[in-house]
Amino acid sequence: MRKLAMRLSILLLSIFTVSGGAIAATIPMMMKSFPNISPTLIELLMTVPSLGIIIFTPLSNFFADRFGVKNTILTGLVIILIAGITPALTTSFGLIFASRIGIGIGTGLLASFAQSLIIQLFDGAEQQRMMGLSSVFQGLGMFVITYFAGVLMNFSWQTAYWVYLVALPIALLVAFFVPKGVGQVEEPTTNVSTSNSKHVDGKVWVLAGFAFLFNVTFAFITIKFASLVVSRHYGTVMDASTLLGMMSFAMAAGGFLFMFIQKHWRAYSMAIALAFATAAFLILTMSQSLLLSGLGVIFVGIAVSVFMASMVTSVGYLTSAQQVPFSTSVAITCANVGTLVSPYIAQLFSQTSGNTTPAFTFLMGTFVFAILLILATLAGLNYGKLGYHAMIKGVAKNAK
């Protein structure tokens, strides 16, 4: 029972890695409540948490070294709880803006551990199952939080922010069921002199670069999809919003698919994710109907889920156990930077080509994903050569 509760606690942390935009629907109502505040500044409330995540995800490992992984996670959850419900208790825009940064700080403190603990605590098929379930919890958690935020928004935009009370029971689960020394890794004495927990292997930097480019391109769907549907006259903004809501379920489905892929085609899991992404953006580039666009959105959700789970699993394969937490935080940070700069990259594509249509942005995204797909396939062909040398020796030893 206690082991099951610990696993549930770790999986529930995944919800907060995608919860920043759960209250995006409050923006129009907030614009009416704050007529003297720039609409752009109000819209920034949805993206400004990324700054806190980018800064505090790598810093979380230094806090963990000093105060322990469990205490760092609990601190992040408490910050999310307090910052999350602050807009429900105040009408000061300054405090609300600061609270959104607080959401990013809290998320940054626990984001990498939500993934790296799975790599450290579980092996083999169990690790694959937990990584897949992590994606399932992300997708379903995002849907549930967004749904209840919408229900609460029927009273006022402020009441929607009470959804962040969900951080309280999760914090209690972590406090009671996650061991105090969780996440502490002892390296073999032969590696102590050559291994540093804050060293990031070159292969991990390449992986982080993949994560950056993936998120830059994936985020095109959040900033251009509604415009694509409307500009091609086959749907409304509400239709686009409904289709985007399907991504949460597609992400959950992607989690189950990841388990199957890892079991049968582990070396090509990232390539498979990029194949879904390439197909999705190609579909969206050509689509002239809501049905076809819905298929594209579903493929995008699957691609995101499988790619992110594959990325974290790959970190555990490419580096030592001691280096997993910090290396994971670097990869997650680079992914978040990609999300943050995505609108500017899309604008750059439009300005340099002179083509400002949403379809052209998705076409460029298709090319980016196709290039990444080719590179990931080549990496899959050489998968056995890329693993951390100690791991490879250990596998060979166990095979004898």
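Ala, Val, Leu, Ile, Met, Phe, Trp, Tyr, Cys and Pro count here as nonpolar, Asp, Glu, Lys and Arg as charged, and the others, Gly among them, as polar. This is a predicted model, in which local features need pLDDT of at least 70 and side-chain atom pairs count only at pLDDT 80 or more, while totals for chains, interfaces and linings use all residues. Residues are numbered from 1 along each chain as its sequence is written, and side-chain values use heavy atoms, leaving out hydrogens and water.

View 1. The structure holds one cavity of 30 Å³ or more; a cavity is a set of points on a 1 Å grid over the protein atoms alone where a 1.4 Å probe fits but cannot get out, and lining residues have an atom within 4 Å of a point. The largest cavity has a volume of about 30 Å³, where volume is the space filled by probe spheres set on the points, joined across faces, edges and corners. Look for Q262, R266, S269, S310, T313, S314 and Y383 around the largest cavity. By type, this lining has one nonpolar, five polar and one charged residue. Helix 13 (residues 290-318) contributes the most to the lining, with three residues; helices are DSSP runs of H or I with at least four residues, strands are runs of E with at least two, and both are numbered from the N terminus.

View 2. T366 counts as buried, because its relative accessibility is 9%; buried means under 20% relative accessible area, exposed over 50% and partly exposed in between, with a 1.4 Å probe and protein chains only. Leaving aside neighbours within four places in sequence, T366 is in contact with T278, F281, L282 and T285, contact meaning heavy atoms within 4.5 Å. The C-alpha atoms of T366 and L244 are separated by 18 Å, and the two residues are 122 apart along the chain.

**View 3. H233 in its loop.** Between helix 10 (220-231) and helix 11 (237-264) there is a loop, and H233 sits in it. H233 is exposed, with 71% relative accessible area. Its phi is near 60 degrees, a positive value in a residue other than glycine.

**View 4. Stepping back to the whole protein.** The secondary structure comes to 17 helices and zero strands. Buried residues make up 52% of the 400 residues. The C-alpha atoms fill a box of roughly 65 × 45 × 35 Å, taken along the principal axes.

Terms used: 1 Å grid on protein atoms, 1.4 Å probe; cavity = no way out; pocket = protein on both sides within 12 Å on 5 of 7 lines; lining within 4 Å.
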